[in-house]
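Have the structure open while you read.

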Amino acid sequence: MNQASDQARPTPRPGIMEIEAYVPGKSTAPAGVAKVHKLSSNENPLGPSPKAIEAARDVAAKLDIYPDGTARRLREAIAEVHGLNPANIVCSNGSDEILGLLAQTYLAPGDEAVITEHGFMVYKIYIQSAGAVPVSVKETNERAEVDAILATVTPRTRIIFLANPNNPTGTYLPFQEVRRLHAGLPRNVLLVLDAAYAEYVRRNDYEAGVELVAGAENVVMTRTFSKLGLGGARIGWMYAPMHVIDAINRVRGPFNVNATAIEAGIAAIRDRAHVERSVAHNETWLTWVSEELTRLGLRVTPSVGNFVLIHFPEDKKHSAAAADDYLCARGYILRRVSGYGFPNALRMSIGTEEANRGVVAALATFLKS
């Protein structure tokens with residue numbers, strides 16, 4: 001394209017077209033597949049709480065009315081369940097929105113933000129969108145390393161994004177390590193703890209971040225309703241010091257959480273029985289899937305989330321790409337993770353019993369072929 005044609009239409013500011021767009025997991029199988037099991041997006045195989053479905057239906061006759069711009073009742077429900085002050089909570093259109101708002105608010109062109117090698121891809125997108133520089137830190141055994149992160153901090157560092165547990169690896173940092181990370185950071189560096197999968201973690205040495213946020217001025221915790229059955233409603237939230245809440249409330253959209261999501265979210269978070277059923281299902285099948293895949297000779301990264309990262313042999317016949325094609329043809333949709341630095345692995349969400357057993361059986365046959 002010549003210079004004259006460039007000037008004939010609006011163009012994005014420098015750097016925007018260098019951003020690699022986020023590509024979500026597939027949701028369809030080839031034509032002719034009788035039944036599809038979507039295991040590519042870490043969704044809840046038990047679906048949403050029945051109480052959330054009922055609450056969402058009740059909103060249908062009131063869709064002409066704007067929602068509460070502060071999502072006050074949703075914040076109060078979250079605070080009630082987690083023992084927090086609702087004033088220290090901001091709700092959002094998925095936790096992705098909060099992550100983007102934090103980058104927009106605290107990063108300027110030329111600033112640096114630290115991410116880990118296999119961390120959530122949207123961090124890099126939001127950092128670049130703000131004109132800042134993403135600094136990627138190598139992981140060890142697919143796990144974030146505190147010393148490596150601290151070694152990358154410079155006077156230009158403004159944010160550390162840490163997914164704990166991490167997606168797509170499923171690994172986590174014990175909370176003593178998270179505290180050590182925080183202790184080593186300058187006070188003007190914001191530590192963002194992305195605890196999207198916190199509900200599923202059953203480890204005595206794990207904390208989502210509530211206590212650290214409560215005692216610090218430079219830590220925030222982000223959470224989501226997506227993994228417990230409301231992915232389609234897009235509800236996220238942040239627990240943060242009041243000065244961060246004040247800043248984010250100045251830049252977020254005035255009605256960023258819709259009325260249906262608010263009511264469904266209130267019902268979902270208070271339905272603790274559904275939450276416990278979801279966690280119990282995951283605990284049972286995460287262990288079973290991990291053990292069965294390992295028994296097949298595949299390496300599985302130890303996960304505390306609601307998914308597993310499966311590594312395939314280094315041969316073309318039984319590669320991740322070949323396995324993906326084989327599984328898709330049989331209605332099992334897993335997630336390719338080449339963009340995360342794993343060209344020969346697939347991420348599998350923990351699904352229903354039928355889906356879990358089906359994937360293991362299909363892979364057993366595939367590996368023998």
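This is a predicted model: local features need pLDDT of at least 70, side-chain atom pairs count only at pLDDT 80 or more; totals for chains, interfaces and linings use all residues.

## Before we start

Let's begin with the strands. An open sheet is built from 7 strands, in the order E2-E8-E7-E6-E5-E3-E4, with mixed pairing. Its edges are strand E2 (89-92) and strand E4 (133-137); each has a single partner strand, so one side of each is left without a neighbour in the sheet. On average, neighbouring strands are turned by 20° against each other, direction ignored.

Zoom in on E7 and E8: they run antiparallel and are joined by 4 bridges. Here Met221 sits opposite Tyr239 in E8.

Two helices pack on this sheet. Helix H3 (residues 72-82) touches E2, E7 and E8, and its direction makes about 120° with that of E2. Helix H4 (residues 94-106) touches E2, E5, strand E6 (190-194), E7 and E8, and its direction makes about 155° with that of E7.

In soluble globular proteins, nonpolar side chains tend to be buried together. The largest nonpolar core in this model has 50 residues, and Leu74 and Trp237 have the most contacts inside it. Helix H10 (residues 259-270) is the top contributor, giving 6 residues.

What does Leu74 touch, leaving out residues up to four places away in sequence? The list is Cys91, Phe225, Ile235, Val257, Ile262, Gly265 and Ile266. There is also a second, separate core of 31 residues, and among its members are Ala113, Val122, Ala130 and Val192.

Most residues other than glycine have a negative phi, and most peptide bonds are trans. A few spots here go the other way. A cis peptide bond links Asn164 to Pro165, with omega about 5°, and Pro165 is in the loop between strand E5 (157-163) and helix H7 (175-183). The bond from Asn167 to Pro168 is cis as well, with omega near 20°; Pro168 lies in the loop between E5 and H7.

Then there are the positive phi values. Asn42 has phi near 55° and lies in the loop between strand E1 (37-38) and helix H2 (50-59). Arg234, also not a glycine, has a positive phi of about 55°; its loop runs between strand E7 (219-224) and strand E8 (236-239).

Are these two buried or partly exposed? Asn42 counts as buried, at 1% relative accessibility, while Arg234 is partly exposed, with a relative accessible area of 30%.

Terms used
Residues are numbered from 1 along each chain as its sequence is written. Side-chain values use heavy atoms; hydrogens and water are left out. A nonpolar core is a set of buried Ala, Val, Leu, Ile, Met, Phe, Trp, Tyr and Cys residues joined through side-chain atoms within 4.5 Å. Buried means under 20% relative accessible area, exposed over 50%, partly exposed in between (1.4 Å probe, protein chains only). Contact means heavy atoms within 4.5 Å. Two strands pair if DSSP finds at least two bridges between them. Axes are lines fitted to C-alpha atoms, for helices over the stretch in contact, and angles run from 0 to 180 degrees between N-to-C directions.
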